[in-house]
Each structure stands twice: as structure tokens, then as C-alpha cells.
Amino acid sequence: MIKARGLARTFTTKRGAVEAVRGVDLDVAPGEIVGFLGPNGAGKSTTLRMLTTLLRPTAGTASVAGHDLRADPAGVRRRIGYVAQGGGTDPGVPVGEELDLQARLYGVRDAPGRIAELCARLELEGLERRAPGTLSGGQRRRLDIALGLVHRPALVFLDEPTTGLDPQSRGNLWEHIRRLRGQDGSTVFLTTHYLDEADALCDRILIIDHGRIVAAGTPAELKRRVSGDVITLALGHGGADKARAALEVLPEVREVALTGDDVRLSVRDGDRALTPLIRALDAAGVELTALSLARPTLDDVFLTVTGRSLRDAA
Ligand SMILES: Nc1ncnc2c1ncn2[C@@H]1O[C@H](COP(=O)(O)OP(=O)(O)OP(=O)(O)O)[C@@H](O)[C@H]1O
Ligand SMILES: [Mg+2]
């Protein structure tokens, strides 16, 4: 759905050149939800604006929704939806009129039906006569998204869809975004600062920093890259030494540490380690009273790949 190679953009300013994006390669398959994660100024919006034809790349090539970005920008625009960071609604034009205008702009068949469907789905019913300037932040964001979806795009770009929303509105919007894929079969490419959002919503995550992709993978893969999982075992009295002897020979186990009757194991993949681990303890006659598995967070991933915390950076 998206294939980009060496996409780059340098801005020339009075103070000199700003290399906002420095050669990004992207592959997004149909039906994927891909998250573009990075701190302020990393190059997320600039990349999105290039992929949506709003900004000319200084270098690189891309095919977006089956059309070449440079040779056929109009073809790209017809097949994609774009929801800008901060939105693009006219604060004075009523919600219904704005949606209607957008539908006519794209020549949508059955515009009233499509608008009614979107308003129902994005909980905008009853707001058609209101001006966007009078809507709440969450309502306005849902309107922005409705405007991006009117023409049933196969590929939707969302630039920070949930920034500034309360936790409940964010959760609701996640449901809407999941439904885009589930019901419409759309491909979604979104940017976010929120690790939990990328984790909850995305099949795959790309981390961008200083205009370059510094890590990519599924949320689980990225977390595994950091340091593996940690399994903590609570054992019956006196079992720790026996457990250590039984566990340190397992190939899944990297490191064993003892604290009293508790055993802390560092393993590469917690899911795969559990069964052999329990079998080995059982064979050694060790009584297990509790077990917990902790995975590294995406924040740990970000720290590892960029050397700073995403929270500090943002
Ligand atoms: N029109 C422009 N002229 C000059 N510099 C620009 C322009 N647009 C963006 N930049 C610079 O390019 C860099 C990347 O900006 P971009 O908006 O892509 O970041 P972002 O990852 O979307 O950040 P945020 O999370 O704050 O939205 C920043 O240093 C920004 O100041
Ligand atoms: Mg941005």
C-alpha cells in the first residue's frame, strides 16, 4: 500500500538548511495499522505530508495506494484520506455543510447516505448544524476524521489523532480506528507520541528520530529487542538452590539470580520459556508457589534505540 525509498526533505530557512527527513524507507501492506512514533520535531508530519502529496520530497521515490507520488499525485490524492495534525476545519462552517462540501469535492456517490453513516459511526449525530468552533476537542477530532473518510479512502493517514484528548476519548477513538480496518478494510498509517497508543493499536511500529527510522517491528518484537523478559518465581522454602541448578542449564534461560526463596530469570522470550521451565522445576521436585512474567515497555525500547526517554523528549 505504501512503498517509499530514500524519502527526504530539507527545508531552507534564513538560519540555514533543516534536514527534517533524511532518507526514509517504508513498506506498508494492505490492511495494516502502522504507527509512526517519535518525539517532537522527529520528522513525522513532514514524512506524512510528503506521502500525501502536500509537500515535495527533496529526494527519494514512493508509491502510495498504487500511484507514483511524483508522476501521479492526483491519483494518490483520490485514494487516500489525510487527517492533519490539529485538523483543518473552518471554525465557522457548520459540521453538516463541511461534510457535504468534502463529499462534493470528491464526487462521492450517495453523499447524504455516506455522511449520515459517518456521523452515526463517529458519534457526530445531532451536531450537523453546529459550527466546529463550538465543538469539544474530542468532537472536533472526530469531525476531522470523518472529513478524511468521506470518500471511502483505501489508505488513511492520521497525524496525531488523539493528542489532547482525555483518556476515555482516546480509548473511544482507538475503537473507531480499529473499525476502519475491521469494517472498511482500510490501511491506516498514524503518527503518535504515545507508546501505549502504538502498543494498543498498531500491528507494526516505526520509530523515527532526527529524520531517520531508528527501529521497526511489531510491538512485541521491539520490546523483545531491548533486554528480553523477566520471570520471577516464588518457591517453597529451600527450593531456590535446587531451582537454580535445574534452570541455568536450560537454553531459554540467560541468567538466574536468587533473592531469598525468590528466583529471578532473564529470558529471551518469556512465552517460549514457560513450559520448559515448569517441566524442569517439576522434574527437580521443586515446589512453585507463584510465577510472574514482566515484559519491557516500549519506553524501554525508545530509551535503548535513541538514548533518551520519549517522555523527556516530548
Ligand atoms: N516548513 C518548514 N520550514 C522549516 N522547517 C520545518 C518546516 N516544517 C518542519 N520543519 C522542521 O522539520 C523538523 C521536523 O518537523 P515535523 O513537523 O516533521 O516533526 P514531527 O515529528 O511531526 O513533530 P511533532 O511531534 O512536534 O508534531 C523540525 O525540526 C521542524 O522544525
Ligand atoms: Mg507533527
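Two strands count as a pair here if DSSP finds at least two bridges between them. Keep that in mind for this predicted model, where an open sheet of four antiparallel strands runs in the order E12-E13-E11-E14. The chain itself splits into domain 1 (2–223) and domain 2 (229–294). Here's a quick tour, topic by topic.

**The two domains**
- Going by C-alpha atoms, the centres of domain 1 and domain 2 sit 45 Å apart.

**The four-strand sheet**
- Read across, the strands come as E12, E13, E11 and E14, with antiparallel pairing in an open sheet.
- Strand E12 (253–259) and strand E14 (288–294) are the edges, so to speak: each one pairs on one side only.
- On average, neighbouring strands of this sheet are turned by 20° against each other, ignoring direction.
- E12 and strand E13 (residues 262–267) run antiparallel and are joined by six bridges.
- If you want a spot to look at, find Val256: its bridge partner in E13 is Leu265.

- Is strand E8 (residues 187–192) mostly covered or mostly open? Mostly covered: six of its six residues are buried.
- That goes for both faces of E8, with Thr187, Phe189 and Thr191 buried on one side, and Val188, Leu190 and Thr192 buried on the other.
- Strand E3 (residues 33–37) pairs with E8 in the parallel sense, over five bridges.
- Within that stretch, Val34 has Phe189 of E8 as its bridge partner.
- Strand E7 (residues 155–159) also pairs with E8 in the parallel sense, again over five bridges.
- Here Leu155 finds its bridge partner in Thr187 of E8.
- To get from E7 to E8, the chain passes through helix H6 (residues 167–184), and this β-α-β crossover is right-handed.

**Around ligand 1**
- Ligand 1 has 13 residues around it, and the ones that come nearest are Phe11, Ala20, Lys44, Ser45 and Thr46.
- Which elements each supply at least two residues of the shell? They are strand E1 (2–13), strand E2 (16–28) and helix H1 (44–51).
- H1 gives the largest share of that shell, with three residues.
- By type, the shell around ligand 1 has four nonpolar residues, eight polar ones and one charged.

Note on methods: Residues are numbered from 1 along each chain as its sequence is written. Chains are lettered from A and ligands numbered from 1 in the order in which they are written. This is a predicted model: local features need pLDDT of at least 70, side-chain atom pairs count only at pLDDT 80 or more; totals for chains, interfaces and linings use all residues. A residue is buried if 20 or more other C-beta atoms lie within 10 Å of its own, exposed if 12 or fewer, and partly exposed in between; C-beta atoms are placed from the backbone. A crossover is right-handed if, with the strands pointing away from the viewer, the path from the first strand over the helix to the second runs clockwise. Domain bounds come from an automatic or database domain assignment. A residue is near a molecule or strand if its C-beta atom, placed from the backbone, lies within 6 Å of it. Ala, Val, Leu, Ile, Met, Phe, Trp, Tyr, Cys and Pro count as nonpolar, Asp, Glu, Lys and Arg as charged, and the others, Gly among them, as polar. Axes are lines fitted to C-alpha atoms, for helices over the stretch in contact, and angles run from 0 to 180 degrees between N-to-C directions.
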